[in-house]
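Please look through the sequence and the model shown below before reading the report.

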Amino acid sequence: MESLPHDLFALSLLVFVLGMKHGFDADHLATIDGLTRFNARINPRLSRFCGALFSLGHGIVVVAIALFVSTLARSWQVPTWLTDVGAWISIFFLAGLGLINLRAVLNSKPSQIVRPTGFKAQIFGALFSRLTETAHPVLITLVGALFAISFDTISQAALFALTATQFGDWHDALLLGLFFMLGMLVTDGINGLWISHLIRRADQIALVVSRIMGLTVAGISLLVAAFGVMKIMLPPVDTWSEGREIFLSATLIGVIAGSFLLATRMTRIRRISADIFYFF
């Protein structure tokens with residue numbers, strides 16, 4: 001916690017960026033993908049808002065956790081060992097998600113769309129499929145709330161809620177929780193719109209984009225896991241990263257956004273090349 005900003009404005013900005021980064025979590029991407037594809041057949045208009053509705057439910061739980069932890073912090077101190085344990089658990093899950101998505105890309109057939117994969121989809125299987133077959137806004141929001149019950153989400157909400165106690169009461173924890181939810185709404189909302197858009201486009205475009213995004217999710221997960229190990233094992237790396245949290249998180253978001261643009265650019269080039277070849 002000592003590496004987080006000690007200024008409320010800077011902390012709020014960091015939490016917003018962390019919310020955006022959290023929106024790119026593999027479980028988020030996989031669930032929104034499933035919800036959007038299901039509703040594209042049942043209710044095409046609703047499919048465009050699946051990402052935003054999922055993120056809204058997810059964010060409500062985050063805000064509730066932040067308020068609870070900020071209240072509990074008055075009479076309870078976080079054990080020092082909890083930070084290290086949480087860091088290693090996050091590294092383990094990130095590495096696992098990276099390998100799972102990398103395998104999905106490498107094992108997919110040329111004509112097969114690569115869909116993002118999360119741990120919940122791997123562990124719960126049929127239950128995950130049933131959850132994504134939901135065509136009511138309230139139920140989609142509840143799915144988002146259900147997926148917020150995870151170590152990663154709870155630990156992040158608890159961390160910035162405890163940090164918020166430096167500045168005041170539960171009001172500051174509530175503010176940070178709302179900033180985190182807003183960040184998720186931005187990325188998850190755009191992701192839902194993007195998937196809905198791809199479904200209506202040519203299959204070749206979806207094939208290219210799905211592979212680029214699959215490799216991006218895998219690469220980012222493995223990179224963040226490796227950086228986490230370096231921070232723990234190499235004190236100079238941990239010292240260097242202090243005060244650069246916003247920059248590092250924004251860089252990851254930029255890489256992911258850049259992959260979207262790259263995928264779009266590549267599909268346009270391939271389409272133009274195909275049109276020229278057909279013309280001649």
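## Basis of the report

This is a predicted model, in which local features need pLDDT of at least 70 and side-chain atom pairs count only at pLDDT 80 or more, while totals for chains, interfaces and linings use all residues. Residues are numbered from 1 along each chain as its sequence is written, and side-chain values use heavy atoms, with hydrogens and water left out.

## Overall architecture

The chain contains 13 helices and zero strands. Here helices are DSSP runs of H or I with at least four residues, strands are DSSP runs of E with at least two, and both are numbered from the N terminus. Read from the N terminus, the order of elements is α-α-α-α-α-α-α-α-α-α-α-α-α.

The chain has 280 residues, and 45% of them count as buried. A residue is buried under 20% relative accessible area, exposed over 50%, and partly exposed in between (1.4 Å probe, protein chains only). The accessible surface of the chain is about 14900 Å², and carbon and sulfur atoms account for 70% of it. Accessible areas come from the Shrake-Rupley method with a 1.4 Å probe; for residues, only the protein chains shown count as cover.

A contact means heavy atoms within 4.5 Å.

## The nonpolar cores

A nonpolar core is a set of buried Ala, Val, Leu, Ile, Met, Phe, Trp, Tyr and Cys residues joined through side-chain atoms within 4.5 Å. The largest such core has 21 residues, and those with the most contacts inside it are Val15, Val62, Val69, Phe160, Leu176 and Phe180. At least two residues of this core come from each of helix H1 (8-22), helix H4 (50-72), helix H9 (151-164) and helix H10 (170-199). The greatest contribution is that of H9, with six residues.

Leaving out residues up to four places away in sequence, Val15 touches Phe160, Leu176, Phe179 and Phe180. There is also a second, separate core of 16 residues, which includes Val17, Trp194, Ile256 and Phe260.

Leu162 lies in helix H9 and counts as buried at 13% relative accessibility. Leu162 and Leu67 are 95 residues apart in sequence, yet their C-alpha atoms are 9.7 Å apart in space.

Thr187, in helix H10, is buried with a relative accessible area of 6%. Apart from residues up to four places away in sequence, Thr187 touches Gly19, Met20, Gly23 and Phe24. A polar atom of the Thr187 side chain lies 3.2 Å from the backbone oxygen of Met20. This pair is a polar contact, defined as N or O atoms within 3.5 Å; within protein, one must be able to donate a hydrogen and the other to accept it, and residues adjacent in sequence count only if both atoms are side-chain atoms.

How many salt bridges does a search of the whole structure find? The search finds one, where a salt bridge is a side-chain nitrogen of Lys or Arg within 4 Å of a carboxyl oxygen of Asp or Glu. It joins the side chains of Arg37 and Asp33, at 2.9 Å from N to O. Both residues lie in helix H2 (residues 26-42), four residues apart, or about one turn of the helix. Arg37 is partly exposed, with a relative accessible area of 22%, whereas Asp33 is buried, with a value of 4%.

Thr36 is also found in helix H2. Is Thr36 buried or exposed? Thr36 is buried, with a relative accessible area of 0%. A polar atom of the Thr36 side chain lies 2.7 Å from the backbone oxygen of Ile32. Beyond its neighbours within four places in sequence, Thr36 is in contact with Ser47, Cys50, Gly192, Ile195, Ser196 and Ile199.

## A nonpolar surface patch

Trp88, Met230, Ile232, Met233 and Leu234 make a nonpolar surface patch of about 470 Å². Patches are made of residues with over 30% relative accessible area and no salt bridge; like charges are joined within 9 Å, and nonpolar side chains (Val, Leu, Ile, Met, Phe, Trp, Tyr) within 5 Å. Helix H11 (residues 203-233) supplies the largest share of the patch, three residues. Leu234 is placed in the loop between H11 and helix H12 (235-241), and is partly exposed, with a relative accessible area of 41%.
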